[in-house]
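Dear colleague,

I am handing over the structure below, and after it you will find what came out of going through the model. Please read the notes with the structure open beside them.

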Amino acid sequence: MDSFISKIRNLDAYPKINEDFYSRTLSGGVITVASSIIMTLLFISELRLYLHAVTETKLVVDTSRGETLRINFDITFPSLACSILSVDAMDISGEQHLDIRHDIIKKRIDALGNVIETRKEGIGAPTIDRPLQRHGGRLEHNETYCGSCYGAEGSDDHCCNTCEDVREAYRKKGWALTNPDEIDQCKREGFLEKVKLEEGEGCNMYGFLEVNKVAGNFHFAPGKSFQQSNVHVHDLLTFQKDSYNISHKINRLTYGEYFPGVVNPLDGVTWTQETPHGMYQYFIKVVPTIYTDVSGHTIQSNQFSVTEHFKGADVGRFQSIPGVFFFYDLSPIKVTFTEQHVSFLHFLTNVCAIVGGVFTVSGILDSFIYHGQKAIKKKMELGKFS
């Protein structure tokens, strides 16, 4: 047994030195204090990294198919009235959503930005006072109202009971409504009067769009839109105005849900129009993103980058639709962010590396100073140091 213990003792890699042979120096004390402080600071830093989650970033090819893209927006137009402002969306597959109204709220605002009215629909409900029937006569008490669509009927039993119905029927036919006062429903509802009443007002429009996950665009522009000879146009003659001020402020624009660390470059952006006519364009590159937090909850969202361009027009005539256009394209690369904690073994390894590294370096430094001092002292005693 004693021989076994003796063999184990011989394996000791840390032989002990008798205290009688210790030589303590001032420089050694200073280095010990400094190295202890450094070790403590590095340990605290490593402990903070261990207690807090770290985010790992990866780039992978986006192989998802058949998904939709949610676009959340909140945009203020200080010089465009809500009654003339509409939003359209279309993509490269040919799908179009014109004059979108669902999931969108409009707020009428005054010149100071104060809210006048909040509404979802157009410019108000009709006031029926013996309106003109489709057959040409006036509505009698025992009749059901069926207004004329003025040649834009989709079927024999199609009725247009409001000015909005007539405008929609004209839009589907690809016709422009040049003079609303010639339409009984619009004249009765005071369409132009209400548009003129809102002149000088602004509009805050917010909500969301659900579109196909392919390249496309959505835009905010005055007038109802329709297709004419395969060209997307807006009916601007209805409002009888010479110019449209498309100055705007983007309060919020996101492609998908919020996740920690996301930066939306257009939030809070303001642009002021200085020319009579024009189209403002944003070209957006959307990057699909997956964020997984430390608890395993996953958020499917997107980030984006953007460039801007203003397309002007000659005075007196429109070469392009006045409005704010957002053209977006999707990146084939998907970014994944994964939150995770550092393992305890990794933390322990780093702590050991800190303690051992600082201890070794401080020992080398102390030995260098100690032997240097001894060499200088010896030379001084021999009178060789100058």
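A polar atom of the side chain of H52 lies 2.9 Å from the backbone oxygen of R48, a polar contact in the sense of a pair of N or O atoms within 3.5 Å, where within protein one must be able to donate a hydrogen and the other to accept it, and where residues adjacent in sequence count only if both atoms are side-chain atoms. H52 sits in the loop between α2 (26-51) and β1 (54-61); helices (H or I, at least four residues) and strands (E, at least two) are DSSP runs, numbered from the N terminus. With a relative accessible area of 52%, H52 is exposed, where exposed means over 50%, buried under 20% and partly exposed in between (1.4 Å probe, protein chains only). The C-alpha atoms of H52 and Q340 are separated by 8.6 Å, although the two residues are 288 residues apart along the chain.

Some conventions apply to everything here. The model is predicted, so that local features need pLDDT of at least 70 and side-chain atom pairs count only at pLDDT 80 or more, whereas totals for chains, interfaces and linings use all residues. Residues are numbered from 1 along each chain as its sequence is written, and side-chain values use heavy atoms, with hydrogens and water left out.

As for the chain overall, there are six helices and 16 strands, and buried residues make up 38% of its 386 residues. Of the contacts (heavy atoms within 4.5 Å) with a separation of 6 or more, 72% are between residues 24 or more positions apart. The unreviewed UniProt entry carries the annotation "transmembrane region" for residues 21-44 and 344-370; such positions are given in the numbering used here, feature names are shortened, and annotations may be inferred rather than shown by experiment. In the model, residues 344-370 are 100% helix and 0% strand, with the end C-alpha atoms 39 Å apart.

Leaving aside neighbours within four places in sequence, F220 is in contact with residues including F73, I75, F77, V324 and F326.

The structure holds 21 aromatic pairs, counted when rings of Phe, Tyr and Trp (its six-membered ring) have centres within 6.5 Å, with planes under 30 degrees apart taken as stacked, over 60 as edge-to-face and the rest as tilted. One of them joins W271 and F310, which are tilted at 35° between the planes and 5.1 Å centre to centre. Because W271 lies in strand β12 (residues 269-271) and F310 in strand β14 (residues 298-312), this pair ties together parts that are 39 residues apart in sequence. W271 is buried at a relative accessible area of 16%, while F310 counts as partly exposed at 26%. Ring pairs also link a cluster whose members include F73, F77, F218, F220, Y255, W271 and F310.

N302 also lies in strand β14, and it counts as buried at 8% relative accessibility. A polar atom of the side chain of N302 lies 3.0 Å from the backbone oxygen of Y255. Beyond its neighbours within four places in sequence, N302 is in contact with residues including L69, Y255, F259 and V286.

Finally, there is the region around α3. S148 lies in the loop between β6 (115-119) and α3 (163-173), counts as buried at 13% relative accessibility, and has a side chain that reaches the backbone nitrogen of Y150 at 3.0 Å. The N-terminal end of α3 is capped by T162, with a side-chain oxygen 3.1 Å from the backbone nitrogen of D165. Within α3 the buried residues are C163, V166, R167, A169, Y170 and R171, and just after the helix G174 takes a positive phi of about 80°.

Best regards
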